[in-house]
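Please read the following report alongside the sequence and the coordinates. It moves from the chain as a whole to selected local features.

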Amino acid sequence: MGNAMRHVAKLMAVSAFAGLMTTTAVFAQTPKDTVVMAKQIDDIITLDPAEAFEFSGVEVGANVYDKLIGVDLANGNKLIGELAESWTVSPDQLTYTFKLRPNVKFHSGNALTAADVVYSIQRAVTLNKSPGFILTQFGLNKDTVLEKVKAPDANTVVITVSQPFAPTFFLNCLTSGVAAVVDSKLVKANEKDGDWGNAWLKLNSAGSGAYKVRSYRPNEQYALDANESWYKGAPKAKRIIVRHVAEPASQRLLLEKGDVDMARNLSKDQLASVKDNKDVEIVQGDKGYILYLGLNQKNPNLAKPEVREALKWLVDYAAIEKNIVEGTYKAHESFLPNGFLGAIGDKPYKFDLAKGKELLAKAGLANGFTVTMDTRSVNPITDIAQAIQSTWGQAGVKLELIPGDGKQTLTKYRARTHDIYIGQWGPDYLDPHTNAETFAINENNGEDAKSKTLAWRNAWDIPEMTKKTQANVLESDAAKRAAVYGDIQREHQKVSPFVIMFQQVEVTAERKNIKGWVIGPSSDTNFYWTISKG
């Protein structure tokens, strides 16, 4: 059985399990009140908002949990109140006071109060999982959090930060998934051995958002049920089901047959195939996702400045864009995505075999060297990796690809046991510091570091760039701040162990009866509640 048919068979079996198909239909249309998506979700490690830091897991959280602050996608990503009906900032920019929206209830029926907000921040800071630094950078830790985050009454939360950060920076961080508010009573009831309910929340939910988790089966599917009493009003679709379909060709087949309503990962070729289908529409949105290579500086060859630069000249960016990712990614060589304050359009590198060879010879590696790249087994990642393998090979760099699923490759990357990692980085909040911090700050290059940024993951020790990037977050003059980010990015392009290649254009192909899907700039801003089905 071919790959496409294997996926169809698997999807039919799972659909039957979920009660989505009749016993008589070979290919059943999806139910009227249910939206079914085909998507690559093998990157999900957990559904716990204090831990989820992968694109798919964060997207689930954005639709299951509410936060104090959100963004208005229709109004230039302006900060707006969600659970916080209003807020004030003290004149010294150290204290933030939030007044909560009254009468909000969790999915369990429990009332949402300021105590839940305090517990949620305390929980995220104490667990201090991958996204924990988004909160701990404000001087919050397990010992200080209850001094810095208080609930003077049931409807008020007061947070004190350690420095006079630009207020928009702090508020933007509160739009991140790690700042989601959880049902403290329900989480405490499912706590085991002091884990703050982490094991239970990997597969379940305790939110107040538009949807609640009905079921989640890793690498298969998740199903969400609408929260009919959500404070913004009942979502338009009663149920969302997202199925893991790894192959774009299988996603297209299922979409064209009507077995799924939306296909989220169609490749350049698949998009070209459905473009003229009268039953299908294409929805696009600029995503803040940067596609890059991370070169681990623990590898002595990759630690040589000439090698880092050579590898940047040995990627054929134009050919990859034209032949592999056209319409889904665009060339971009700096760490701030287009659309962010301080973003630059400089593209200093293009494929130059002679220059690459010259730099390798200067590094004492005229005959090249052998190195490995951990590669998530999905398209277009595999195809891009193979294209890089080919052009690097022309200069004598023998690149061995190590395939794995999203969880396997990420776990290895986070442990700093890779040589090279190919992957994406998406913004955690819509402020430039989200990318500047991870690509250009490494406070402690030791194994015991508290802040494990991408610079840390690649063992890049940069005390001076770290200081410059950290200082810029205190700059309240937007024009000055933008200029400094421009300077940092240009230096970063020259010296960093990052080969930054593309920015994603997220594309969804959907059946004509699907309306209201808006693709946001981050995983935190892909909202399901607006989707309707005619």
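The sections below describe a predicted model, beginning with the overall fold and ending with backbone details.

## Overall dimensions and composition

The chain contains 19 helices and 19 strands. Its radius of gyration is 23 Å, close to the 24 Å that the globule rule gives for 534 residues, so the chain is as compact as a globular protein of that length. Along the principal axes, the C-alpha atoms occupy a box of roughly 70 × 65 × 45 Å.

Of the 534 residues in the chain, 57% are buried. When contacts between residues at least 6 apart in sequence are considered, 71% of them join residues that are at least 24 apart.

## Surface and charge

The chain exposes about 20,600 Å², and carbon and sulfur atoms supply 51% of that area.

How many residues of helix 16 are buried? The count is 8 of the 8, so helix 16 is largely enclosed by the rest of the structure.

The loop between helix 16 (433-440) and helix 17 (454-457) holds K450. Is K450 buried or exposed? With a relative accessible area of 77%, K450 lies above the 50% cut-off and therefore counts as exposed. The C-alpha atom of K450 is separated by 25 Å from that of P300, a residue 150 places away along the chain.

## K407 in helix 15

K407 belongs to helix 15, which spans residues 406-414. Its relative accessible area is 41%, which falls between the cut-offs of 20% and 50%, so K407 is classed as partly exposed. Leaving aside neighbours within four places in sequence, K407 is in contact with D42, D43 and I45.

A separation of 26 Å lies between the C-alpha atoms of K407 and Q137, which are 270 residues apart along the chain.

Strand 2 (residues 69-72) pairs with strand 3 (residues 78-81) in the antiparallel sense, over 4 bridges. Within this pairing, I69 stands opposite G81 in strand 3, while D72 has K78 of strand 3 as its bridge partner.

The two strands form a hairpin with 5 residues between them, and G76 in the turn has a positive phi of about 65°. N77, which is found in the loop between strand 2 and strand 3, also has a positive phi, of about 60°, although it is not a glycine. At 29% relative accessibility, N77 counts as partly exposed.

## Further backbone features

Where is N128 found? N128 is in the loop between helix 3 (114-127) and helix 4 (133-136), and its phi is positive, at about 50°, although N128 is not a glycine. The relative accessible area of N128 is 33%, and N128 is partly exposed.

A cis peptide bond joins N379 and P380, with omega at about 10°. P380 is located in the loop between strand 14 (370-376) and helix 14 (381-393).

Technical notes: Residues are numbered from 1 along each chain as its sequence is written. This is a predicted model: local features need pLDDT of at least 70, side-chain atom pairs count only at pLDDT 80 or more; totals for chains, interfaces and linings use all residues. Side-chain values use heavy atoms; hydrogens and water are left out. The radius of gyration is taken over C-alpha atoms; the globule rule is 2.2 Å times the number of residues to the power 0.38. Buried means under 20% relative accessible area, exposed over 50%, partly exposed in between (1.4 Å probe, protein chains only). Contact means heavy atoms within 4.5 Å. Accessible areas come from the Shrake-Rupley method with a 1.4 Å probe; for residues, only the protein chains shown count as cover. Two strands pair if DSSP finds at least two bridges between them.
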